Amino acid sequence: MVTLPPETVRFYDDGPHWPVTPERQTNERVYRQAFMEGAMVVATWDAPDEAAIALAWNDRRQARREAELLVPSAEMYGDPDMESDQVVYHTGHEVAACRTRGRCQAMEMAKQLWWELCEAGATNGQVADEIVPPWQKAVDAWAKAEINPKRIVPPPRPEDFLTEGLRGMLEAPKPAKPTPAPAPLWRPPAPPHAIKRRLKDVERELLDWLWPGRIPLGKLTLLAGDPGLGKSFVTLDIAARVSRGEPWPDLPLLKQSPAGVVLFNAEDDLADTIAPRLDKAGADDGNIVAVEGVAEGGRRRHFSLEADLPRLEEVMQEMPDARLVVIDPISAYTGSVDSHKNTDVRGLLAPLADLAGRHRVAIVAVTHLSKSGGAKAVYRAMGSLAFAAASRAVWAVAKDQENPERRLFLPGKLNLARDPDGLAYRIVDSRVAWELEPVRMHADEAFAAELKSTSDKSTQGAERREVVAWLRNELAEGRQPSKQVIADARENGFSERTLRRAFKEIEGRSKKDGGKWYWSLPDQDGHQDCHQPPSQ
């Protein structure tokens with residue numbers, strides 16, 4: 001049972017909701033007014049104002065911080081042994097939350113379309129003169145309109161006011177890269193030779209991202225974590241977002257186009273686990289293909305990255321819009337390759353990375369953690385170090401040491417950009433619920449804390465056993481005044497808390513006699529007044 005302090009709620013709420021109550025109608029009105037104010041700021045731009053956008057986001061984060069209240073877990077869950085804190089939120093925070101959401105959303109909508117149009121060839125002046133004024137006028141009318149409690153009316157979007165010329169720029173097909181001539185079916189054998197290319201002949205390309213700053217396109221990404229932490233839930237949440245073009249949890253206003261996804265999963269059943277989880281995540285299952293094996297000679301066998309990469313190539317050719325391949329876990333698809341030998345693993349992953357680059361897809365491979373390796377994330381991935389070395393990004397899933405239900409999605413390695421902040425999530429109703437606030441922690445820090453916690457627990461267990469043995473010996477001659485036992489324990493370096501836990505463990509007896517409390521062993525004479533030692 002959860003006990004909340006007065007005038008607090010457990011979750012942060014910034015909408016949107018059906019405006020069926022007076023309070024929610026007030027929140028909706030505040031949101032609309034703030035959105036209109038954001039549109040008025042956009043109307044002053046000659047180009048997207050990054051400083052104004054950053055200020056709006058800072059206000060949004062500050063509003064959430066001001067709504068937070070730390071509550072001891074012991075009070076919230078009624079367990080005195082819990083030493084962590086929980087975050088709850090003051091009642092009434094919804095007004096500030098809706099206000100900051102409206103202002104950020106208006107600016108982000110305008111910025112994203114503005115950038116897309118400029119990339120397509122439009123000028124800043126065209127956007128400012130042809131789109132912003134009619135959009136701002138429509139926003140003003142929407143903000144002042146009566147609120148209908150039976151429906152949610154979203155704000156007008158800038159793209160609703162594209163002129164025919166600007167829309168044509170956006171919809172014009174991008175020039176395709178020339179397709180190389182097909183290789184001949186047969187060529188005479190040639191002696192071994194080095195494959196080389198002069199750098200002046202290399203066509204430069206911009207780095208592209210599936211999940212900006214986290215999962216690059218055309219590269220291999222590794223996701224590592226212990227069993228039971230929700231790694232598969234995370235990969236399916238990512239797959240669902242890609243399939244339907246849903247924004248990323250840390251970029252809620254950044255649009256993406258729906259794209260294809262290829263799934264390899266050797267641990268869960270498609271019908272009773274994977275498909276229902278994708279449904280919960282809102283996936284467009286028409287954009288997702290699961291590879292279940294390979295048919296050969298009238299028989300079906302397991303897919304192997306060692307032998308069947310051409311079959312994956314065929315799947316990619318059938319899905320030219322695919323942007324994500326998930327392999328969960330990669331150790332199940334290595335064939336006869338020894339996953340603990342660096343040379344063998346590199347030979348397996350190099351063609352896979354080449355396929356990712358040619359088809360511009362992100363390949364996310366899942367692996368478990370090894371028991372050894374210490375606190376460094378890149379050394380904790382199961383099998384050879386080559387799995388982490390060949391990956392351009394390594395992400396780790398770890399348990400929050402302060403909250404057993406909270407999971408941390410933390411950077412372990414990122415070769416292509418600076419390490420971003422981590423994220424936190426919970427598994428709620430068989431789907432991933434991401435938290436808005438970033439987690440400023442590296443995977444190495446989380447693993448170091450985990451190792452320290454394990455070491456501390458081992459030390460505490462040894463100390464408890466030592467106290468139990470000492471206490472049995474102390475009470476062996478008969479009952480003793482509890483105050484004297486506690487004092488003797490302190491002289492021997494034992495804390496009162498550990499002593500009382502040891503007393504409970506041996507099922508000691510506590511009895512009041514002549515105004516004093518006495519402790520004794522359970523098999524000694526005398527009747528107990530209570531099993532638990534009172535606080536003296």
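Biologist: Hi! What share of the contacts in the chain with a separation of 6 or more comes from residues 24 or more positions apart?

Modeller: Hello! Residues 24 or more positions apart account for 68% of those contacts, where a contact means heavy atoms within 4.5 Å. This is a predicted model, so local features need pLDDT of at least 70 and side-chain atom pairs count only at pLDDT 80 or more, while totals for chains, interfaces and linings use all residues. Residues are numbered from 1 along each chain as its sequence is written, and side-chain values use heavy atoms, with hydrogens and water left out.

Biologist: Thanks. How many helices and strands are in the chain?

Modeller: The chain has 16 helices and 19 strands. Helices (H or I, at least four residues) and strands (E, at least two) are DSSP runs, numbered from the N terminus.

Biologist: And what percentage of the residues is buried?

Modeller: Of the 536 residues, 42% are buried. Buried means under 20% relative accessible area, exposed means over 50%, and partly exposed is in between (1.4 Å probe, protein chains only).

Biologist: Let's talk sheets. What is the order of the nine strands in the open sheet?

Modeller: The order is E8-E7-E11-E12-E6-E13-E14-E15-E16, and the pairing is mixed. At the edges are strand E8 (288-290) and strand E16 (431-434), each pairing on one side only. From one strand to the next, the twist averages 25 degrees. Two strands pair if DSSP finds at least two bridges between them.

Biologist: Do E6 and E13 run which way, parallel or antiparallel?

Modeller: Strand E6 (residues 220-225) and strand E13 (residues 393-399) run parallel and are joined by five bridges. Gly225 stands opposite Val397 in E13.

Biologist: What about E13 and E14, parallel or antiparallel?

Modeller: E13 and E14 pair in the antiparallel sense, over seven bridges. There, Ala396 stands opposite Leu410 in E14.

Biologist: How many residues of E14 are buried?

Modeller: Eight of the eight residues in strand E14 (residues 407-414) are buried, so to speak a mostly covered strand. E14 is also joined to strand E15 (residues 423-428) by three bridges, and these two run antiparallel. In that pair, Leu408 stands opposite Ala424 in E15.

Biologist: Which helices lie across this sheet's strands?

Modeller: Helix H9 (residues 270-280) lies across strand E7 (260-265), E8 and E16, running at about 145 degrees to E7. Helix H11 (residues 342-359) lies across E6, strand E11 (322-328) and strand E12 (362-367), at about 145 degrees to E12. Axes are lines fitted to C-alpha atoms, for helices over the stretch in contact, and angles run from 0 to 180 degrees between N-to-C directions.

Biologist: At what angle do the axes of H8 and H9 cross?

Modeller: The axes of helix H8 (residues 231-244) and H9 cross at roughly 55 degrees and come within 9 Å. H8 and H9 are therefore oblique to each other. Angles under 35 degrees count as roughly parallel, over 145 as roughly antiparallel, 65 to 115 as roughly perpendicular and the rest as oblique.

Biologist: Which residues meet there?

Modeller: In H8, Ser232, Phe233, Leu236, Ala239 and Ala240 meet Ile274, Arg277 and Leu278 in H9.

Biologist: Switching topic: which residues does a cis peptide bond join?

Modeller: Asp328 and Pro329, with omega at about -10 degrees. Pro329 is in the loop between E11 and H11. Most residues other than glycine have a negative phi, and most peptide bonds are trans.

Biologist: Where does Glu7 lie, and what is its phi?

Modeller: Glu7 lies in the segment before E1 and has a positive phi of about 60 degrees, although it is not a glycine. Glu7 counts as exposed, because its relative accessibility is 66%.

Biologist: Ser430 next: where is it?

Modeller: Ser430 is in the loop between E15 and E16. Ser430 has a positive phi of about 60 degrees too, without being a glycine, and counts as partly exposed at 38% relative accessibility.
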